[in-house]
Amino acid sequence: MDFLIKNATVINENKIFHSDILIKDGRIEKIAPNISLKYAIKEIDATGLHLLPGAIDDQVHFREPGLTHKATIYTESKAAVAGGVTSFMEMPNTKPPAFTQQLLEDKYNIGKHTSLANYSFFMGTSNDNYDEVMRCNEKRKDICGVKIFMGSSTGNLLVDSPLALDKIFGNSELLIATHCEDEKIIKENFARLKAEKGTLGPSDHPIIRNEDACFESSFRAVQFAKKYGSRLHILHISTEKELQLFTNLIPLKEKKITAEVCVHHLHFTSDDYERLGNQIKCNPAIKSPDNKAALWPALLDGRLDVIATDHAPHTWAEKNEPYEKAHAGLPLVQHSLMLMLHYYKEGKINLEKIVEKMSHAVATCFQIEDRGFIREGYFADLVLVDLNKPFTVSKENILYKCGWSPLEDFTFPSSVTHTFINGNLIYEKGKFDESNRGMRLKFIR
């Protein structure tokens, strides 16, 4: 079905303006102040609403295959759509991990049949799957990137072989996304605290996974990237110390080394462990307030390039184990855009910057084809928001399969009212049309 969105307040490419938008055959056909047609079309009156390009989340964990008791691509993509996220890039630490081209394509096949949002999946790396990783080079237009866990992880996802790292950084033609925490520092911190205290709790998490663990690993990744001129993207920056590794002196299109910040590191601090405990246990850890305070100006001035979630759901039972056994990660993809709109209302960030960091910059960073902007000819991945309609998170409206959120009972000042994906109105005022599926993202490389 084609649509005509009337009277919208459009936020796009650092401008706010009033316009109509004509959607035809899945793409944006026309952008003009007053579009009138001589044929019947489904019209949506967007008076009083703001129209944004759909958010693109470059880091989620949707748990399929193998961990579907926590989440599935279907359930989490549905939550994403309700929150205004129209495309996602999913990580390889599923069961089994996406270590081969066949396993990776199996995930794309699941996405094709079940994802309500557009999708891409990272290729996983280990110390011994170099040949499979290199086969991604010939598929550079079809795969978002290569993921390296350069720090503590589950199974054999930790890549700690200098030879393996050297070969991957030296020969990958795709973007390399890294999780950076130094395993040796983490183990030393854990052993010291365990000896001192015996029983550890959630508030110990940012001490075990401290600023030095993050910086040393991120610094190492930057050194590899500089050695080979690799395209490096460091995920979930959480410390003030790491910010010295990044620059805002060149345009994003020209950067070889970029950085992501996640909404939970912009929102929570170590002070929140007392209230939320293991609910906000994640890797890298949510740290002291001075780190959060430093992340905000770095986001606004361009040292941090994109905003994501690292959406990582676990069951309530898994989060309520004693600290040392409790799983790390929290679900966020349904609420990330609304959280940033909360900070707009608080005066921390303007609407143009939210759109830049959650849509434009992600598309630029990953070289996504025909998405991330409101432009004629681009796919109609669009979100309408009501900045003055509050939304309170409750168990009844949480769409994650795990059924909980660390933001439960939090009231956002704004709501997502409509989400279009490839020109299809998938979400409207709490109701879904699931007759269409998202598309595989393509990349201009």
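Author: What follows starts with the aromatic rings and then moves out to the cysteines, the backbone and the chain as a whole.

The model is predicted. Searching the whole structure gives 14 aromatic pairs. One of them is formed by Phe 122 and Phe 366, in an edge-to-face arrangement with 6.2 Å from centre to centre and 80° between the planes. This pair links distant parts of the chain, since its two residues are 244 residues apart. Phe 122 is in the loop between strand E8 (118-121) and strand E9 (123-124), while Phe 366 belongs to helix H13 (residues 351-366). Phe 122 is buried, with a relative accessible area of 0%. Phe 366 is also counted as buried, at 0% relative accessibility. Both values fall below the cut-off, because buried means under 20% relative accessible area.

Ring pairs also join several aromatic residues into a cluster, made up of Phe 62, Phe 88, Tyr 108, Tyr 119 and Phe 121.

Over the face of Tyr 130 lies Lys 167, and here the distance to the ring centre is 4.1 Å.

The cysteines come next. A disulfide is a covalent bond between the sulfur atoms of two cysteines. The search of the whole structure finds zero disulfides. Cys 180 is in no disulfide, and the nearest cysteine sulfur to it, that of Cys 214, is 8.6 Å away. That distance does not qualify, because a disulfide requires a pair of cysteine sulfur atoms within 2.5 Å. Cys 180 is buried, with a relative accessible area of 3%. Cys 282 is likewise in no disulfide; the nearest cysteine sulfur belongs to Cys 262, at 8.4 Å. Cys 282 is buried, and its relative accessible area is 3%.

Glu 64 and Pro 65 are joined by a cis peptide bond with omega of about 10°. Pro 65 lies in the loop between strand E6 (55-60) and H1. The peptide bond from Asn 283 to Pro 284 is cis as well, with omega near -5°. Pro 284 is placed in the loop between helix H9 (273-276) and helix H10 (289-301).

Asp 25 has a phi of about 55°, and its place is in the loop between strand E2 (15-24) and strand E3 (27-32). Asp 25 is exposed, with a relative accessible area of 65%. For His 236, phi is near 35°. His 236 is located in the loop between strand E12 (232-234) and strand E13 (257-262). His 236 is buried, with a relative accessible area of 2%.

Thr 75 is buried, with a relative accessible area of 17%. Leaving out residues up to four places away in sequence, Thr 75 touches Leu 399 and Lys 401.

As for the chain as a whole, its secondary structure comes to 13 helices and 20 strands. The radius of gyration is 21 Å, close to the 22 Å that the globule rule gives for 445 residues, so the chain is as compact as a globular protein of that length. Along the principal axes, the C-alpha atoms fill a box of roughly 75 × 50 × 45 Å. Of the 445 residues, 62% are buried. Among contacts between residues at least 6 apart in sequence, 75% join residues at least 24 apart. The accessible surface comes to about 17,000 Å², and carbon and sulfur atoms account for 49% of it.

Note on methods
Residues numbered from 1 in each chain as written. Predicted model: local features only at pLDDT ≥ 70, side-chain atom pairs only at ≥ 80, totals over all residues. Heavy atoms only, no water. Phe/Tyr/Trp six-rings, centres within 6.5 Å; stacked < 30°, edge-to-face > 60°. Helix = DSSP H or I, 4+ residues; strand = E, 2+ residues; numbered from the N terminus. Buried < 20%, exposed > 50% of the residue type's maximum accessible area, 1.4 Å probe, protein only. Lys NZ or Arg CZ within 6 Å of the ring centre and 35° of its normal. Rg over C-alpha atoms; globule rule 2.2 N^0.38 Å. Contact = heavy atoms within 4.5 Å. Areas by Shrake-Rupley, 256 points an atom, 1.4 Å probe, with all protein chains shown as cover.
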